[in-house]
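Please open the model in a viewer and keep the selection panel at hand.

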Amino acid sequence: MKVLFIGDIVGKKARNFAQKKIVDLKEQLQIDAIIVNVENAAGGFGVTPSICDDFFLAGADVLTTGNHIWDKREIISYISKSERLLRPLNMIKGTPGLGMTIIKVDAGTIGVANIMTNLFMARTDPVFEKVPEILKYLKLNNNVDFSLVDVHGEASSEKMAIAYALDGSVSAVVGTHTHVPTADHQILEKGTAYITDVGMSGDYNSIIGMKKDDALNRFLHPNNKKSRLEVSQGEPTLCGVLIDSDINGLSKSINPLRLGG
Ligand code: FE2
């Protein structure tokens, strides 16, 4: 299967650009499934029901998120009913929404899990304890033809360790959250496609998608509670990876896709 994963969408310009590109790319590259991380899609903080609907309408199959999932409160009732919008699996018991899902697309069945790491991140349950749960739910060549885990986190080492723990059992492990694309895309020893961070879809003339002066002021004046971060308004670059999997569900290739900007 050919699957496109698009990294963290930051703000309106990036989401309009991504939605347009999803439509084009799906046809041009004959993509079987599209997964998008949308946790910063609404003005840089969170996501709304109508933004999710727009992505699904454009052709996205599953949406993933991370630490900003609850920034827009209206998403709570939406995610409670959705099988295609995920929040991190390792949020405390009783949290609304799903952390894993299995859906059908024309080319087969895909499974997606969304987890959040522990180092330098908001508190969640220990992420490594969720690996057996993922492996029990997403079984390649059994209940899914392709499986992807979005590892939302800051520390590269932790993301790589998760990928090593999942190698050979899922089709792909992709990192999100830092908003900076890494150049380490590879097929791991046992056949899992991996990249430490896909990178954001947003304005790269910025500090991780936000206006530079605002972000700099945050560092210069950390106690100024009035300083707000705003989405940088330059032209966005879309960052994603294109993953090609084999008949056995493991991956043949992972290639970065960077458009615009
Ligand atoms: Fe994040």
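Begin by selecting Trp 70, which sits in the loop between β3 (62-64) and α3 (75-81); helices (H or I, at least four residues) and strands (E, at least two) are DSSP runs, numbered from the N terminus. The model is a predicted one, in which local features need pLDDT of at least 70 and side-chain atom pairs count only at pLDDT 80 or more, while totals for chains, interfaces and linings use all residues. Residues are numbered from 1 along each chain as its sequence is written, and side-chain values use heavy atoms, with hydrogens and water left out.

Trp 70 counts as buried because its relative accessibility is 19% (buried is under 20% relative accessible area, exposed over 50%, partly exposed in between, with a 1.4 Å probe and protein chains only). Display its surroundings next: leaving aside residues up to four places away in sequence, Trp 70 touches Ile 75, Ile 76, Ile 79, Arg 87, Met 91, Thr 95 and Pro 96 (contact means heavy atoms within 4.5 Å).

Now select the iron ion. Its protein donors are Glu 39 (OE), Asn 67 (OD1), His 152 (NE2) and His 177 (ND1), at 2.0 to 2.2 Å; donors are N, O and S atoms within 2.8 Å of the metal (3.2 Å for Na, K and Ca), and water is not among the atoms, so sites may look incomplete. Along the chain these donors follow the spacing E-x27-N-x84-H-x24-H. Asn 67 belongs to the loop between β3 and α3 and His 152 to strand β6 (residues 146-152), so this pair ties together parts that are 85 residues apart in sequence. Asn 67 is partly exposed, at 24% relative accessible area, whereas His 152 is buried, at 0%.

Move on to the largest pocket, which holds about 400 Å³ of space. On a 1 Å grid over the protein atoms alone, a pocket is an open set of points with protein on both sides within 12 Å along at least five of seven lines, and a cavity is a set where a 1.4 Å probe fits but cannot get out; lining residues have an atom within 4 Å of a point. Grid points are joined across faces, edges and corners, and a volume is the space filled by probe spheres set on the points. Of the 17 lining residues, select His 68, His 179, Ile 208, Met 210 and Leu 229, which lie nearest the pocket centre.

Finally, locate the largest cavity, with a volume of about 40 Å³. Its lining consists of Val 10, Lys 13, Ala 14, Gly 202, Asp 203, Val 231, Ser 232, Gly 234 and Pro 236.
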